[in-house]
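Have the sequence and the 3D view open as you read.

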Amino acid sequence: MWNILIGIVFIVGGLSGKLALIGTNSGEALAALGAGLLIWGVVQIVRARKAQAQTAK
């Protein structure tokens with residue numbers, strides 16, 4: 001869940017120009033990192049729900 005929230009903050013901050021990835025000074029790179037975190041968070045939630053559904057059977 002935290003991956004999703006942090007990913008959204010990184011995306012918004014990077015694309016708005018308010019934040020940048022350390023070492024690159026690139027907002028776009030931070031937004032890309034945020035997108036990766038967002039996707040990973042969604043994958044984790046989907047896997048957890050599938051595992052929960054499997055054990056409920």
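Does Ser26 count as buried or exposed, and at what relative accessibility?

## The loop serine

This is a predicted model, so keep that in mind throughout. Ser26 sits in the loop that joins helix 1 and helix 2. Its relative accessibility comes out at 18%, and the cut-off for buried is under 20%, so Ser26 counts as buried. If you leave out residues up to four places away in sequence, Ser26 touches Ala20 and Leu21.

## Helix 1 on its own

Helix 1 covers residues 2-16, which is 15 residues.

Which residues of helix 1 are buried? They are Ile4, Gly7, Gly13 and Gly14. Part of what covers them is helix 2, residues 27-56. As a reminder, an α-helix has 3.6 residues a turn, so residues three or four places apart point the same way.

## How the two helices pack

Now look at the pair together. The axes of helix 1 and helix 2 are 7 Å apart, and the packing angle is about 160°. Angles over 145 degrees count as roughly antiparallel, so that is the label for helix 1 and helix 2. The crossing of helix 1 past helix 2 is left-handed. Sorting the residues of this contact gives 15 nonpolar, seven polar and one charged.

How values were computed
Residues are numbered from 1 along each chain as its sequence is written. This is a predicted model: local features need pLDDT of at least 70, side-chain atom pairs count only at pLDDT 80 or more; totals for chains, interfaces and linings use all residues. Side-chain values use heavy atoms; hydrogens and water are left out. Helices (H or I, at least four residues) and strands (E, at least two) are DSSP runs, numbered from the N terminus. The expected span of a helix is 1.5 Å times one less than its number of residues. Buried means under 20% relative accessible area, exposed over 50%, partly exposed in between (1.4 Å probe, protein chains only). Contact means heavy atoms within 4.5 Å. Axes are lines fitted to C-alpha atoms, for helices over the stretch in contact, and angles run from 0 to 180 degrees between N-to-C directions. Angles under 35 degrees count as roughly parallel, over 145 as roughly antiparallel, 65 to 115 as roughly perpendicular and the rest as oblique. A crossing is left-handed if the near helix is turned anticlockwise from the far one by less than a right angle, and right-handed if clockwise. Ala, Val, Leu, Ile, Met, Phe, Trp, Tyr, Cys and Pro count as nonpolar, Asp, Glu, Lys and Arg as charged, and the others, Gly among them, as polar.
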